[in-house]
Amino acid sequence: MSGEENPMKRIYLEKVVLNMGIGKSGDAIEAAKAALAHISGKRPCARDAKKTYRDFGVRKGEPIGVAVTVRGEDAATLLRRLLEARDNRVRGRAFDGHGNFSFGIKEHIDVPGVKYDPKVGILGLDVCVSLARPGSSVSRRSRHKASVGASHVITADEARSFVAERFGVAMA
């Protein structure tokens, strides 16, 4: 039985996480929330600072970033739009050894369907994509946690070929 025939070896898109690190709280966080809500169609949430950095004027617990997680078919549709903003190119070294890859978009208005809003301005964002196989969640669950075998872990080459085949991405 080869890897393509085994249903447990099929790779699927688990989630897409969009992140904007603003570095200060207030109106900038609200503008970033509006931008991410417009891009993803989901409600983003603020991320708080873990430490105090006096040089940057950041206090622990102060919101300094915004993130949103998208799953399912919405994630696949969103990922196609985000990759289009990057001309369907991702660096080969952006893939790790566990089925994840990341890339950045310098201006959020590069995403198709997003118009410039003077209230929001121009913001950059990070895109983190997680791929998985059926049964891979046993290593992350809270009860009866178990390790995933080495043959079940998604390698960087498998992730590259999946993304190239499913989303038409060229490796740079």
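## Before we start

This is a predicted model, so local features need pLDDT of at least 70 and side-chain atom pairs count only at pLDDT 80 or more, while totals for chains, interfaces and linings use all residues. Residues are numbered from 1 along each chain as its sequence is written, and side-chain values use heavy atoms, with hydrogens and water left out.

## Helix 3

Helix 3 takes in residues 156-167, 12 residues in total. (Helices are DSSP runs of H or I with at least four residues, strands are runs of E with at least two, and both are numbered from the N terminus.) From first C-alpha to last it reaches 16 Å, close to the 16 Å expected at 1.5 Å a residue, where the expected span is 1.5 Å times one less than the number of residues.

Which residues of helix 3 are buried? They are Ala156, Ala159, Phe162, Val163 and Phe167. (Buried means under 20% relative accessible area and exposed over 50%, with partly exposed in between, using a 1.4 Å probe and protein chains only.) Seen down the axis of helix 3, the buried residues fall within an arc of 125 degrees, so they line one face; the arc is that of the directions from the helix axis to the C-beta atoms. On the other side, Asp157 and Glu165 are exposed. The cover over the buried residues includes strand 1 (12-21), helix 2 (73-85), strand 5 (100-105) and strand 6 (125-132).

## Glu14

Glu14 sits in strand 1 and is buried, at 17% relative accessible area. Its side chain makes a polar contact with the side chain of Arg140 (2.8 Å). (That is a pair of N or O atoms within 3.5 Å; within protein, one must be able to donate a hydrogen and the other to accept it, and residues adjacent in sequence count only if both atoms are side-chain atoms.)

Key
Contact means heavy atoms within 4.5 Å.
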